[in-house]
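This report is written for a reader who is meeting the structure for the first time.

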Amino acid sequence: AEAMAVGTVAAGYLVRHAVDLMDTPDLLYVAAGLAMLGTLVSSLLFSIGTPLEDAVVIDERQVETLSVRHLARQRYLRAVGIAVTLTLVMAVLVDYQMKWVASDLPEAELAVFFGGFYEWVGLAQLAFQVLLVPPSLRILGIINCLLVFPILVGVGAAIVFVGSGYGYWGVDALLVVGGVNFLRMVMAETLDRPSRELLFSPLNTRLRVRAQALMGEALAPGARGLGGVLVVLLIAVGLDVEYFPILAVLCAVLAVVVLVRLRPLYRQTLAASLKAHELDQTDIEDVVRNVELEPILNELLHSDDEGVVRFTISMLDGRPLGGLGESLVTLIAKRSSRVAVAAIARLSEEQDDAYVETFRQGLSDARPAVRVAATLGLCRALQEDAADEAVRLFRTVTGEQRDAAIVGLARDCGLAGLNAVRGHIEGLCHSAARADRAQ
(Lines give C-alpha, C1' and ligand atoms only; values in the text may rest on other atoms or scores of the structure.)
Protein backbone atom coordinates (compact mmCIF):
# COMPACT_ATOMS: atom_id res chain seq x y z
CA ALA A 1 0.00 0.00 0.00
CA GLU A 2 2.86 2.39 0.79
CA ALA A 3 4.46 1.78 -2.62
CA MET A 4 1.15 2.45 -4.39
CA ALA A 5 0.72 5.65 -2.40
CA VAL A 6 4.21 6.83 -3.37
CA GLY A 7 3.41 6.04 -7.01
CA THR A 8 0.16 8.00 -6.75
CA VAL A 9 2.00 11.03 -5.37
CA ALA A 10 4.64 10.82 -8.09
CA ALA A 11 2.04 10.46 -10.85
CA GLY A 12 -0.01 13.39 -9.58
CA TYR A 13 3.06 15.60 -9.31
CA LEU A 14 4.20 14.61 -12.81
CA VAL A 15 0.83 15.33 -14.42
CA ARG A 16 0.38 18.65 -12.62
CA HIS A 17 3.73 19.98 -13.82
CA ALA A 18 3.87 18.26 -17.21
CA VAL A 19 0.94 20.38 -18.40
CA ASP A 20 3.26 23.38 -18.42
CA LEU A 21 5.72 21.57 -20.69
CA MET A 22 3.49 19.85 -23.25
CA ASP A 23 0.01 19.75 -24.67
CA THR A 24 -2.48 17.78 -22.62
CA PRO A 25 -3.05 15.07 -25.28
CA ASP A 26 0.71 14.42 -25.28
CA LEU A 27 0.41 13.11 -21.72
CA LEU A 28 -0.81 9.88 -23.30
CA TYR A 29 2.68 9.35 -24.72
CA VAL A 30 4.12 9.76 -21.23
CA ALA A 31 1.65 7.21 -19.90
CA ALA A 32 2.54 4.77 -22.69
CA GLY A 33 6.25 5.22 -21.98
CA LEU A 34 5.76 4.55 -18.27
CA ALA A 35 3.73 1.44 -19.06
CA MET A 36 6.50 0.13 -21.31
CA LEU A 37 9.11 0.93 -18.64
CA GLY A 38 7.05 -0.97 -16.08
CA THR A 39 6.95 -3.98 -18.39
CA LEU A 40 10.72 -3.91 -18.81
CA VAL A 41 11.32 -3.64 -15.07
CA SER A 42 8.93 -6.54 -14.41
CA SER A 43 10.72 -8.68 -17.00
CA LEU A 44 14.09 -7.84 -15.45
CA LEU A 45 12.91 -8.72 -11.96
CA PHE A 46 11.46 -11.98 -13.22
CA SER A 47 14.73 -12.93 -14.91
CA ILE A 48 17.09 -12.11 -12.03
CA GLY A 49 14.85 -12.60 -9.00
CA THR A 50 14.80 -15.69 -6.81
CA PRO A 51 11.34 -16.64 -5.53
CA LEU A 52 11.01 -16.85 -1.77
CA GLU A 53 10.27 -20.27 -0.39
CA ASP A 54 6.79 -20.46 1.04
CA ALA A 55 6.46 -21.44 4.66
CA VAL A 56 3.71 -23.79 3.57
CA VAL A 57 3.99 -25.83 0.39
CA ILE A 58 0.70 -25.74 -1.45
CA ASP A 59 -0.20 -28.27 -4.08
CA GLU A 60 -1.58 -26.10 -6.88
CA ARG A 61 -3.40 -29.06 -8.38
CA GLN A 62 -5.35 -29.49 -5.17
CA VAL A 63 -6.16 -25.79 -5.08
CA GLU A 64 -7.43 -25.90 -8.65
CA THR A 65 -9.81 -28.74 -7.79
CA LEU A 66 -11.78 -26.32 -5.61
CA SER A 67 -14.35 -25.18 -8.15
CA VAL A 68 -16.19 -21.89 -8.14
CA ARG A 69 -19.33 -23.86 -7.33
CA HIS A 70 -17.64 -25.31 -4.26
CA LEU A 71 -16.64 -21.84 -3.07
CA ALA A 72 -20.12 -20.48 -3.76
CA ARG A 73 -21.58 -23.12 -1.46
CA GLN A 74 -19.60 -21.63 1.43
CA ARG A 75 -21.99 -19.29 3.25
CA TYR A 76 -19.13 -17.26 4.64
CA LEU A 77 -17.56 -16.69 1.21
CA ARG A 78 -20.91 -15.76 -0.31
CA ALA A 79 -21.31 -13.03 2.31
CA VAL A 80 -17.77 -11.77 1.68
CA GLY A 81 -18.41 -11.68 -2.07
CA ILE A 82 -21.65 -9.72 -1.68
CA ALA A 83 -20.01 -7.19 0.66
CA VAL A 84 -17.07 -6.68 -1.71
CA THR A 85 -19.38 -6.26 -4.71
CA LEU A 86 -21.56 -3.68 -3.00
CA THR A 87 -18.63 -1.55 -1.81
CA LEU A 88 -16.99 -1.59 -5.24
CA VAL A 89 -20.20 -0.63 -7.06
CA MET A 90 -20.60 2.19 -4.54
CA ALA A 91 -17.03 3.30 -5.28
CA VAL A 92 -17.68 3.37 -9.06
CA LEU A 93 -20.77 5.56 -8.60
CA VAL A 94 -18.95 8.04 -6.35
CA ASP A 95 -15.93 8.16 -8.65
CA TYR A 96 -18.04 8.72 -11.75
CA GLN A 97 -19.91 11.64 -10.23
CA MET A 98 -16.66 13.43 -9.43
CA LYS A 99 -15.41 12.94 -12.97
CA TRP A 100 -18.75 14.09 -14.37
CA VAL A 101 -18.60 17.32 -12.37
CA ALA A 102 -14.92 17.83 -13.26
CA SER A 103 -15.61 17.36 -16.97
CA ASP A 104 -16.85 20.98 -17.19
CA LEU A 105 -13.27 22.19 -16.68
CA PRO A 106 -11.11 23.11 -19.67
CA GLU A 107 -8.71 20.39 -20.77
CA ALA A 108 -5.56 21.89 -19.24
CA GLU A 109 -7.30 22.76 -15.95
CA LEU A 110 -8.72 19.25 -15.84
CA ALA A 111 -5.23 17.76 -16.05
CA VAL A 112 -3.97 20.09 -13.31
CA PHE A 113 -6.96 19.24 -11.12
CA PHE A 114 -6.48 15.49 -11.41
CA GLY A 115 -2.73 15.82 -10.94
CA GLY A 116 -3.21 17.73 -7.69
CA PHE A 117 -6.06 15.46 -6.61
CA TYR A 118 -4.04 12.26 -6.94
CA GLU A 119 -0.98 13.88 -5.41
CA TRP A 120 -2.93 14.70 -2.25
CA VAL A 121 -4.62 11.29 -2.30
CA GLY A 122 -1.23 9.60 -2.28
CA LEU A 123 0.06 11.77 0.56
CA ALA A 124 -3.06 11.08 2.62
CA GLN A 125 -2.77 7.35 1.93
CA LEU A 126 0.82 7.34 3.17
CA ALA A 127 -0.06 9.18 6.37
CA PHE A 128 -3.15 7.06 7.02
CA GLN A 129 -1.37 3.78 6.30
CA VAL A 130 1.54 4.53 8.62
CA LEU A 131 -0.22 6.32 11.48
CA LEU A 132 -3.80 5.06 11.66
CA VAL A 133 -4.26 1.68 9.99
CA PRO A 134 -2.25 -0.51 12.45
CA PRO A 135 -3.91 0.89 15.60
CA SER A 136 -7.32 0.84 13.88
CA LEU A 137 -7.04 -2.85 13.08
CA ARG A 138 -5.78 -3.60 16.57
CA ILE A 139 -8.44 -1.58 18.42
CA LEU A 140 -11.48 -1.89 16.17
CA GLY A 141 -10.98 -5.33 14.68
CA ILE A 142 -11.47 -6.52 11.11
CA ILE A 143 -15.25 -6.23 10.73
CA ASN A 144 -15.47 -2.80 12.36
CA CYS A 145 -12.68 -1.52 10.10
CA LEU A 146 -14.59 -2.82 7.09
CA LEU A 147 -17.71 -1.00 8.30
CA VAL A 148 -15.86 2.33 8.42
CA PHE A 149 -15.50 2.51 4.62
CA PRO A 150 -19.17 2.18 3.53
CA ILE A 151 -20.41 4.25 6.46
CA LEU A 152 -18.14 7.23 5.77
CA VAL A 153 -18.54 7.12 1.98
CA GLY A 154 -22.30 6.56 2.32
CA VAL A 155 -22.63 9.57 4.62
CA GLY A 156 -20.51 11.59 2.18
CA ALA A 157 -22.72 10.56 -0.75
CA ALA A 158 -25.82 11.55 1.23
CA ILE A 159 -24.29 14.98 1.89
CA VAL A 160 -23.57 15.36 -1.83
CA PHE A 161 -27.16 14.52 -2.76
CA VAL A 162 -28.70 16.84 -0.17
CA GLY A 163 -26.18 19.56 -1.03
CA SER A 164 -27.10 19.42 -4.73
CA GLY A 165 -30.56 20.75 -3.83
CA TYR A 166 -29.10 23.69 -1.91
CA GLY A 167 -26.35 24.70 -4.30
CA TYR A 168 -23.84 22.88 -2.07
CA TRP A 169 -24.35 25.69 0.46
CA GLY A 170 -22.23 28.05 -1.62
CA VAL A 171 -19.28 25.66 -1.80
CA ASP A 172 -17.84 24.68 -5.18
CA ALA A 173 -19.56 21.46 -6.33
CA LEU A 174 -16.30 19.89 -7.43
CA LEU A 175 -14.82 20.49 -3.97
CA VAL A 176 -17.73 18.70 -2.27
CA VAL A 177 -17.97 15.77 -4.70
CA GLY A 178 -14.18 15.52 -4.96
CA GLY A 179 -13.90 15.50 -1.17
CA VAL A 180 -16.13 12.43 -0.95
CA ASN A 181 -14.16 10.66 -3.68
CA PHE A 182 -10.93 11.68 -1.96
CA LEU A 183 -12.18 10.01 1.23
CA ARG A 184 -13.22 6.95 -0.79
CA MET A 185 -9.81 6.53 -2.41
CA VAL A 186 -7.85 7.06 0.81
CA MET A 187 -9.96 4.59 2.79
CA ALA A 188 -10.20 1.98 0.04
CA GLU A 189 -6.47 1.48 -0.40
CA THR A 190 -5.38 1.82 3.21
CA LEU A 191 -8.01 0.49 5.61
CA ASP A 192 -10.57 -1.38 3.51
CA ARG A 193 -8.21 -3.47 1.36
CA PRO A 194 -6.03 -4.83 4.22
CA SER A 195 -9.13 -5.56 6.30
CA ARG A 196 -10.71 -7.33 3.34
CA GLU A 197 -7.65 -9.52 2.92
CA LEU A 198 -7.83 -10.51 6.59
CA LEU A 199 -11.33 -11.84 6.01
CA PHE A 200 -9.71 -14.89 4.44
CA SER A 201 -7.59 -15.65 7.52
CA PRO A 202 -10.14 -18.04 9.10
CA LEU A 203 -10.02 -20.32 6.05
CA ASN A 204 -7.66 -23.26 5.72
CA THR A 205 -4.72 -22.68 3.40
CA ARG A 206 -6.11 -24.59 0.43
CA LEU A 207 -9.46 -22.84 0.49
CA ARG A 208 -7.94 -19.43 1.25
CA VAL A 209 -5.53 -19.48 -1.69
CA ARG A 210 -8.31 -20.34 -4.12
CA ALA A 211 -10.78 -17.85 -2.67
CA GLN A 212 -8.31 -14.96 -2.61
CA ALA A 213 -7.35 -15.60 -6.22
CA LEU A 214 -10.96 -15.60 -7.40
CA MET A 215 -11.92 -12.58 -5.32
CA GLY A 216 -8.95 -10.52 -6.46
CA GLU A 217 -8.75 -11.59 -10.10
CA ALA A 218 -12.39 -12.19 -10.97
CA LEU A 219 -14.88 -10.82 -8.45
CA ALA A 220 -13.27 -7.41 -7.82
CA PRO A 221 -12.83 -6.52 -11.54
CA GLY A 222 -16.26 -7.97 -12.22
CA ALA A 223 -17.82 -5.81 -9.50
CA ARG A 224 -16.20 -2.70 -10.94
CA GLY A 225 -17.46 -3.74 -14.37
CA LEU A 226 -20.94 -4.18 -12.90
CA GLY A 227 -20.70 -0.66 -11.53
CA GLY A 228 -19.73 0.59 -14.99
CA VAL A 229 -22.63 -1.25 -16.62
CA LEU A 230 -24.98 0.25 -14.03
CA VAL A 231 -23.72 3.75 -14.86
CA VAL A 232 -24.27 3.17 -18.58
CA LEU A 233 -27.79 1.85 -18.00
CA LEU A 234 -28.72 4.72 -15.70
CA ILE A 235 -27.52 7.28 -18.22
CA ALA A 236 -29.31 5.40 -21.02
CA VAL A 237 -32.65 5.62 -19.19
CA GLY A 238 -32.10 9.34 -18.65
CA LEU A 239 -31.41 9.40 -14.91
CA ASP A 240 -29.62 12.59 -13.88
CA VAL A 241 -26.14 12.01 -12.48
CA GLU A 242 -27.11 14.10 -9.46
CA TYR A 243 -29.22 11.12 -8.33
CA PHE A 244 -26.29 8.70 -8.40
CA PRO A 245 -25.47 9.41 -4.74
CA ILE A 246 -28.82 7.86 -3.74
CA LEU A 247 -27.72 4.58 -5.29
CA ALA A 248 -24.32 4.92 -3.62
CA VAL A 249 -26.04 5.37 -0.25
CA LEU A 250 -28.21 2.32 -0.96
CA CYS A 251 -25.11 0.22 -1.73
CA ALA A 252 -23.46 1.51 1.46
CA VAL A 253 -26.47 0.59 3.61
CA LEU A 254 -26.69 -2.89 2.09
CA ALA A 255 -22.93 -3.38 2.56
CA VAL A 256 -23.23 -2.42 6.23
CA VAL A 257 -26.08 -4.91 6.70
CA VAL A 258 -24.08 -7.70 5.06
CA LEU A 259 -20.95 -6.91 7.09
CA VAL A 260 -22.90 -6.89 10.36
CA ARG A 261 -24.29 -10.32 9.49
CA LEU A 262 -20.80 -11.42 8.45
CA ARG A 263 -19.42 -10.93 11.98
CA PRO A 264 -20.91 -14.13 13.51
CA LEU A 265 -20.02 -16.07 10.35
CA TYR A 266 -16.43 -14.90 10.69
CA ARG A 267 -16.31 -16.14 14.26
CA GLN A 268 -17.94 -19.47 13.42
CA THR A 269 -15.57 -20.08 10.51
CA LEU A 270 -12.51 -19.25 12.57
CA ALA A 271 -13.65 -21.37 15.50
CA ALA A 272 -14.21 -24.35 13.19
CA SER A 273 -10.75 -23.95 11.60
CA LEU A 274 -9.01 -23.65 14.96
CA LYS A 275 -10.79 -26.69 16.34
CA ALA A 276 -9.80 -28.68 13.28
CA HIS A 277 -6.18 -27.34 13.48
CA GLU A 278 -6.46 -26.20 9.86
CA LEU A 279 -4.65 -22.86 10.22
CA ASP A 280 -0.94 -22.20 9.73
CA GLN A 281 1.10 -20.56 12.49
CA THR A 282 1.30 -17.23 10.65
CA ASP A 283 -2.48 -17.21 10.19
CA ILE A 284 -2.98 -17.93 13.88
CA GLU A 285 -0.72 -15.04 14.87
CA ASP A 286 -2.70 -12.67 12.64
CA VAL A 287 -6.14 -13.67 13.81
CA VAL A 288 -5.38 -13.95 17.52
CA ARG A 289 -4.35 -10.29 17.59
CA ASN A 290 -7.86 -9.37 16.47
CA VAL A 291 -9.89 -7.97 19.37
CA GLU A 292 -13.07 -9.43 17.91
CA LEU A 293 -11.86 -12.95 18.59
CA GLU A 294 -12.33 -12.92 22.35
CA PRO A 295 -15.74 -14.68 22.15
CA ILE A 296 -14.24 -17.33 19.85
CA LEU A 297 -11.24 -17.91 22.08
CA ASN A 298 -13.52 -18.08 25.10
CA GLU A 299 -15.59 -20.74 23.35
CA LEU A 300 -12.47 -22.73 22.53
CA LEU A 301 -11.28 -22.51 26.14
CA HIS A 302 -14.48 -24.29 27.14
CA SER A 303 -14.13 -27.01 24.53
CA ASP A 304 -14.54 -30.63 25.63
CA ASP A 305 -11.33 -31.46 23.77
CA GLU A 306 -8.41 -30.93 26.16
CA GLY A 307 -6.00 -30.62 23.25
CA VAL A 308 -8.02 -27.72 21.83
CA VAL A 309 -8.04 -26.02 25.24
CA ARG A 310 -4.27 -26.27 25.71
CA PHE A 311 -3.68 -25.17 22.12
CA THR A 312 -5.91 -22.13 22.69
CA ILE A 313 -4.04 -21.21 25.87
CA SER A 314 -0.77 -21.37 23.94
CA MET A 315 -2.21 -18.91 21.39
CA LEU A 316 -2.77 -16.32 24.11
CA ASP A 317 0.95 -15.60 24.52
CA GLY A 318 1.62 -11.91 23.93
CA ARG A 319 -2.08 -11.07 23.69
CA PRO A 320 -3.90 -9.02 26.37
CA LEU A 321 -6.16 -11.43 28.23
CA GLY A 322 -9.07 -9.08 28.85
CA GLY A 323 -12.10 -11.12 29.86
CA LEU A 324 -10.34 -14.38 29.06
CA GLY A 325 -8.53 -14.23 32.40
CA GLU A 326 -11.67 -15.32 34.24
CA SER A 327 -12.04 -18.28 31.89
CA LEU A 328 -8.47 -19.35 32.67
CA VAL A 329 -9.19 -19.10 36.40
CA THR A 330 -12.18 -21.41 35.93
CA LEU A 331 -10.06 -23.93 34.03
CA ILE A 332 -7.65 -24.29 36.95
CA ALA A 333 -10.30 -25.79 39.19
CA LYS A 334 -12.31 -27.74 36.64
CA ARG A 335 -9.81 -29.25 34.23
CA SER A 336 -6.88 -31.64 34.29
CA SER A 337 -3.47 -30.87 35.77
CA ARG A 338 -1.97 -30.16 32.35
CA VAL A 339 -4.65 -27.59 31.50
CA ALA A 340 -4.50 -26.05 34.99
CA VAL A 341 -0.70 -25.71 34.81
CA ALA A 342 -0.91 -24.05 31.38
CA ALA A 343 -3.60 -21.66 32.63
CA ILE A 344 -1.58 -20.68 35.72
CA ALA A 345 1.55 -20.14 33.61
CA ARG A 346 -0.35 -17.82 31.24
CA LEU A 347 -1.98 -15.89 34.11
CA SER A 348 1.39 -15.40 35.78
CA GLU A 349 2.69 -13.63 32.67
CA GLU A 350 0.19 -10.82 33.30
CA GLN A 351 1.81 -10.00 36.67
CA ASP A 352 -1.63 -8.81 37.73
CA ASP A 353 -2.63 -8.66 41.41
CA ALA A 354 -6.13 -9.78 40.39
CA TYR A 355 -4.89 -13.36 40.01
CA VAL A 356 -2.80 -13.54 43.21
CA GLU A 357 -5.61 -15.13 45.23
CA THR A 358 -5.98 -17.77 42.52
CA PHE A 359 -2.29 -18.64 42.88
CA ARG A 360 -2.63 -18.80 46.68
CA GLN A 361 -5.53 -21.22 46.38
CA GLY A 362 -3.43 -23.34 44.07
CA LEU A 363 -0.69 -23.68 46.69
CA SER A 364 -2.82 -26.23 48.56
CA ASP A 365 -4.34 -27.93 45.51
CA ALA A 366 -4.56 -31.73 45.65
CA ARG A 367 -2.58 -32.00 42.41
CA PRO A 368 1.20 -31.71 42.84
CA ALA A 369 1.77 -30.17 39.41
CA VAL A 370 -0.76 -27.44 40.14
CA ARG A 371 0.91 -26.65 43.47
CA VAL A 372 4.24 -26.29 41.67
CA ALA A 373 2.76 -24.01 38.99
CA ALA A 374 0.94 -21.91 41.60
CA THR A 375 4.15 -21.43 43.57
CA LEU A 376 5.99 -20.20 40.50
CA GLY A 377 3.01 -18.08 39.45
CA LEU A 378 2.83 -16.36 42.83
CA CYS A 379 6.52 -15.44 42.72
CA ARG A 380 6.21 -14.26 39.13
CA ALA A 381 3.15 -12.12 39.85
CA LEU A 382 4.26 -10.46 43.10
CA GLN A 383 8.03 -10.37 42.47
CA GLU A 384 9.79 -9.05 45.63
CA ASP A 385 6.48 -8.89 47.51
CA ALA A 386 6.21 -12.68 47.30
CA ALA A 387 9.49 -13.26 49.15
CA ASP A 388 7.98 -13.84 52.62
CA GLU A 389 5.37 -16.32 51.36
CA ALA A 390 7.89 -18.12 49.19
CA VAL A 391 10.36 -18.41 52.09
CA ARG A 392 7.62 -19.91 54.23
CA LEU A 393 6.90 -22.46 51.49
CA PHE A 394 10.61 -23.20 51.16
CA ARG A 395 10.74 -24.03 54.87
CA THR A 396 7.47 -25.96 55.19
CA VAL A 397 6.79 -27.92 51.98
CA THR A 398 8.72 -30.74 50.38
CA GLY A 399 9.38 -32.24 47.00
CA GLU A 400 8.83 -30.42 43.71
CA GLN A 401 6.86 -27.61 45.34
CA ARG A 402 9.83 -26.79 47.53
CA ASP A 403 12.05 -26.81 44.45
CA ALA A 404 9.59 -24.41 42.79
CA ALA A 405 9.80 -22.10 45.79
CA ILE A 406 13.58 -22.08 45.48
CA VAL A 407 13.40 -21.24 41.79
CA GLY A 408 10.82 -18.53 42.38
CA LEU A 409 12.82 -16.94 45.17
CA ALA A 410 16.06 -16.93 43.18
CA ARG A 411 14.53 -15.83 39.88
CA ASP A 412 11.66 -13.48 40.71
CA CYS A 413 11.88 -12.26 44.31
CA GLY A 414 14.82 -9.92 44.02
CA LEU A 415 17.83 -9.76 46.33
CA ALA A 416 15.84 -10.77 49.42
CA GLY A 417 14.63 -13.93 47.75
CA LEU A 418 18.05 -14.81 46.41
CA ASN A 419 19.67 -14.35 49.83
CA ALA A 420 17.04 -16.60 51.42
CA VAL A 421 18.07 -19.59 49.29
CA ARG A 422 21.69 -18.76 48.51
CA GLY A 423 23.05 -20.99 51.26
CA HIS A 424 20.82 -23.88 50.22
CA ILE A 425 21.81 -23.59 46.55
CA GLU A 426 25.52 -23.38 47.42
CA GLY A 427 25.14 -26.43 49.64
CA LEU A 428 23.59 -28.39 46.79
CA CYS A 429 26.34 -27.30 44.42
CA HIS A 430 29.04 -28.59 46.78
CA SER A 431 27.22 -31.73 47.87
CA ALA A 432 28.93 -35.06 47.44
CA ALA A 433 25.69 -36.53 46.07
CA ARG A 434 25.34 -36.30 42.29
CA ALA A 435 21.55 -35.91 42.57
CA ASP A 436 21.97 -32.83 44.77
CA ARG A 437 24.43 -31.23 42.38
CA ALA A 438 22.10 -31.93 39.45
CA GLN A 439 19.21 -30.35 41.30
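## Overall picture

The model is predicted, and its secondary structure comes to 22 helices and zero strands. Of the 439 residues in the protein, 42% are buried. The protein exposes about 23,100 Å², and carbon and sulfur atoms supply 61% of that area. Among the contacts in the protein with a separation of 6 or more, 74% are accounted for by residues 24 or more positions apart.

| Helix pair | Crossing angle | Axis separation |
|---|---|---|
| α8 and α9 | about 165 degrees | 9 Å apart |
| α19 and α20 | roughly 145 degrees | within 8 Å |
| α20 and α21 | roughly 130 degrees | within 6 Å |

Helix α8 covers residues 142-164 and helix α9 covers residues 173-198, and the two pack at an angle of about 165 degrees. Because the limit for this class is an angle over 145 degrees, α8 is roughly antiparallel to α9. The crossing of α8 and α9 is left-handed. On the α8 side, the residues that meet α9 include I142, L146, F149, L152 and V153, as well as G156, A157 and V160. On the α9 side, the partners include V176, V180, L183, M187 and L191, together with R184, D192, S195 and R196. By class, the residues of this contact of α8 with α9 divide into 17 nonpolar, two polar and three charged.

Helix α20, made of residues 399-412, takes part in two of the pairs in the table, with α19 as one partner and α21 as another. The axes of α19 and α20 come within 8 Å and cross at roughly 145 degrees, and α19 passes α20 in a left-handed crossing. This contact is made by A387, A390, V391, L393 and F394 of α19, which meet Q401, R402, A405, I406 and L409 of α20. Its residues comprise eight nonpolar, one polar and one charged.

Helix α21 consists of residues 414-429, and its axis crosses that of α20 at roughly 130 degrees. α20 and α21 are therefore oblique to each other, and their crossing is left-handed. In this contact, R402, I406, L409, A410 and D412 belong to α20, while G414, G417, L418, V421, H424 and I425 belong to α21. The contact of α20 with α21 has six nonpolar, three polar and two charged residues. R402, I406 and L409 of α20 are found in the contact with α19 and also in the contact with α21.

## Two loop residues

Q383, in the loop between α18 (368-382) and α19, is another residue other than glycine with a positive phi, here near 55 degrees. Q383 is partly exposed, because its relative accessible area is 24%.

Not counting residues up to four places away in sequence, T190 touches Q125, F128, Q129 and V133. One of these, Q129, stands 61 residues from T190 along the chain, and the C-alpha atoms of the two are separated by 5.4 Å.

E389 lies in helix α19, which spans residues 387-396. E389 counts as buried because its relative accessibility is 17%, a value below the 20% limit. With residues up to four places away in sequence left aside, E389 touches R360, L378 and L382.

T358 is found in helix α17, residues 356-362, and counts as buried at 15% relative accessibility. Leaving out residues up to four places away in sequence, T358 touches V329 and I332.

Key: Residues are numbered from 1 along each chain as its sequence is written. This is a predicted model: local features need pLDDT of at least 70, side-chain atom pairs count only at pLDDT 80 or more; totals for chains, interfaces and linings use all residues. Side-chain values use heavy atoms; hydrogens and water are left out. Axes are lines fitted to C-alpha atoms, for helices over the stretch in contact, and angles run from 0 to 180 degrees between N-to-C directions. Helices (H or I, at least four residues) and strands (E, at least two) are DSSP runs, numbered from the N terminus. Angles under 35 degrees count as roughly parallel, over 145 as roughly antiparallel, 65 to 115 as roughly perpendicular and the rest as oblique. A crossing is left-handed if the near helix is turned anticlockwise from the far one by less than a right angle, and right-handed if clockwise. Contact means heavy atoms within 4.5 Å. Ala, Val, Leu, Ile, Met, Phe, Trp, Tyr, Cys and Pro count as nonpolar, Asp, Glu, Lys and Arg as charged, and the others, Gly among them, as polar. Buried means under 20% relative accessible area, exposed over 50%, partly exposed in between (1.4 Å probe, protein chains only). Accessible areas come from the Shrake-Rupley method with a 1.4 Å probe; for residues, only the protein chains shown count as cover.
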